[in-house]
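Dear colleague,

I am handing over the structure we discussed, and below it you will find my notes on what was found in it. Please read them with the model open beside you.

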Amino acid sequence: MRIERIIINNYRQFRKADISFRKRADTDLHYLIGTNGTGKTTFLNAINYCLYGDEPHLSKESEQLPILNLQTIQNMGVGETAEICIEVRTETEDNDYVIFKRRSKFIKNSDGSISHEGDTFEVKFIDENKNAKSVTDEEANVWVERFVPKGIREFFFFDGERLDTYFKEVVGQNIQHAIFQISQIDLLENYIEKKLQISLDEYRKEAGKVNPKIEEVRSRLESARNRYSEYSERYIECDKQIKNVKEKISELDEKLKGIPDIQAIESERQILKMRFEEENEFLKTKEFEKKQVIYKNLIIVQMWPALAKSFQIIEEKKVSNEIPPQIDRSLLEGIIKENRCKVCDRPLDSDALNHVRKIVDDVKSSSEIAKQLLLMENPFYLFKDEIINYNQKITEINQNILRSVKDLETISNRREQINSQMAGYNEELISSWYKERDRYEELRDQNLKNLGVFELERTNLQEEINKYTEELNQELQKEERAKEISNKIKFCDASLKVVNKTREKIMKETREKIEQETRRQFFNLVWKRETFENIKILEDYSIKLIHKMGYDCLGSISAGERQMLCSEPQ
Amino acid sequence: MSKIKLNEKIINGIKENCEGDSVIEKFLIDLMYEEVNHTGQWRWKESYKQKVEKSSSEWGKKNEN
């Protein structure tokens, strides 16, 4: 059924309006677009008023105004009546029509006020014999309930400006509920299946009265089924909670998008602070250690250049064979004493004797120096070891100091970076969002665990149910007195299986069709089609929009895109 | 017969899943019409009982044969 025309008379700002909705080949989705105050919401209210007798989208300002058109009121004399008449003309799949028409009568009082005199509601249609028929009031309301049930009217007529809100409210179960009602799956699930199950249970109870063994198995079966229902309820509740929690997490993720992770940053801050203090302490220790090493070795450090020079001289003198001296002093002294050369045995003249005496003097003084120098050599090696040790220590301390200074600089830079990153954020508020998200994540994980447990229980109980059903059938088979009732049980059981299979099949097909249609409409209209890969309708009828990169991006799309997507299942 | 139509897919689904069992098929389609026409009827048990009795007896006989 589709609305093909709406005629409004004397309703609020519409004195006379007649709007047709032509069907296009590619789509039958209609959008009313107009600037504020042009009557979009009033138009929506007019449809609701006609079908349900109320105005769910009325603004506070409009509530103050009479429902009857102001111009009409002005033209009315005292005691005169006028009526609001709204007609919603629809077209059925067989190209027949169904017209919903509401008339509200008003009278003008002597003080100029308007009183509501009463309503008539009528539905006109073509019956199976192609005759025009008409029903009114209660009977007419049944028609409305069947075609556009009040409980799910927002799926037929909705305020575009509020679509984004609907999207949040009308997820999962609500959509599923609406789809089930529209596609009549609810008839199978909530009426036929339930009622047949009740009938089956009663027949089984009746059979139990015939034979105690039957009653025993029946009672076990009933208990297993009760426990199964209990776990199913818990499973559904848990699943619902998971969905709600996930929704909350995604809302918080949305809020926190682009905002630094305060908790992580705060913990990094604390770590940096601790590290800074530790490093600073280390630096101070090393600097003190360095001072101590220098103080302890001050003398040797200061003397080291002179010592090194002396050592160099000794080495040089050793190389040049100056030390130890090569001249035999006793030989020369013997020459002077005997006044004769010990080599050629000739007597010495005075010049030669003086020369030998000079050599002896020179040798005497140089030997003394050489002796002193040689005496210095051993302690020098000790000093050298000390200075090497000193240098190693100082190098090591300096390296530590250098690294520490560098680390402190890095820590300070990161701290400054964090401070500038956090400038302008309300850290307390953000922190509370993070904490809230952590709590929800914990709750989700706990519920997921519970869900697994409930699912396992259900599987086990289903096995029990199958076993007891089989046992019960066998017992019934044996009992001749329960033959008739056994036949009814088998019949109900077989019928229930068909209902079950049919329901699942229709649910699957319906979901697939919605998914296909949503995809078609969305990708036909959406302006960023290259961004999105696919749309999926999950088993609970919630929507997943898949980004080209493969992730679910429903939370990050614009309000317009969300409205577009939301309008498709409707 | 009501003007309110049943979802054709459900009717076809029932037919398909009955796998030729005309008694159950007829019984379930009858129940569907019953629910469409008398939604919320509080004396449904009576009506269901009668339908089950009638159909199960026919079903039993057919199966015996």
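The confidence values quoted here are pLDDT, the predictor's confidence in each residue, given on a scale from 0 to 100. They matter throughout, since what you have is a predicted model. Chain A averages a pLDDT of 84, and 90% of the residues in that chain score at least 70. Within chain A, strand S3 (residues 81–91) has the highest confidence, at 94, whereas helix H5 (residues 163–169) has the lowest, at a mean of 52. Where pLDDT is low, the predicted coordinates should not be read in detail.

The interface

Turning to the contact between the two chains, 38 residues of chain A and 35 residues of chain B take part in it. Together, chain A and chain B bury about 3300 Å² between them, and 66% of that area lies on carbon and sulfur atoms. On the chain A side, Gln184(A), Lys195(A) and Phe491(A) account for 19% of the area that chain A buries against chain B, which is more than any other three residues supply.

As for the polar side of the interface, 5 salt bridges are found across it, and 7 residue pairs of chain A and chain B, both members at pLDDT 80 or more, are in polar contact. One of the salt bridges joins Lys45(B) to Glu202(A), with the closest N and O atoms 2.8 Å apart.

Four elements of chain A, namely strand S5 (114–126), helix H4 (137–147), helix H7 (185–210) and helix H14 (483–525), each supply at least two residues of the side that touches chain B. Of the elements that build this side of chain A, H14(A) gives the most, with 16 residues. Sorted by class, the side of chain A that touches chain B has 17 nonpolar, 6 polar and 15 charged residues.

Chain B and Asn17(B)

Chain B has 3 helices and 0 strands, and, read along its sequence, follows the pattern α-α-α. Of its 65 residues, 45% count as buried. Among the contacts in chain B with a separation of 6 or more, 47% are between residues 24 or more positions apart.

Leaving aside residues up to four places away in sequence, Asn17(B) touches Val498(A), Lys501(A), Thr502(A) and Lys505(A). With Thr502(A), Asn17(B) also makes a side-chain polar contact of 3.1 Å. Asn17(B) has a relative accessible area of 13% and therefore counts as buried, the cut-off for that class being under 20%.

A loop of chain A

Finally, there are two backbone angles to check. Most residues other than glycine have a negative phi. Asn339(A), however, has a positive phi of about 55° although it is not a glycine, and Asp345(A), likewise a residue other than glycine, has a positive phi near 65°. Asn339(A) lies in the loop between helix H11 (329–338) and helix H12 (350–422) of chain A, and Asp345(A) is placed in the loop between H11 and H12 of chain A as well. At 33% relative accessibility, Asn339(A) counts as partly exposed.

With best wishes

Notes. Residues numbered from 1 in each chain as written. Chains lettered and ligands numbered in written order. Heavy atoms only, no water. Contact = heavy atoms within 4.5 Å. Buried area = accessible area lost by both parts, 1.4 Å probe. Salt bridge = Lys/Arg side-chain N within 4 Å of Asp/Glu carboxyl O. Polar contact = N/O pair within 3.5 Å; in protein donor to acceptor, adjacent residues only side chain to side chain. Nonpolar A, V, L, I, M, F, W, Y, C, P; charged D, E, K, R; others polar. Buried < 20%, exposed > 50% of the residue type's maximum accessible area, 1.4 Å probe, protein only.
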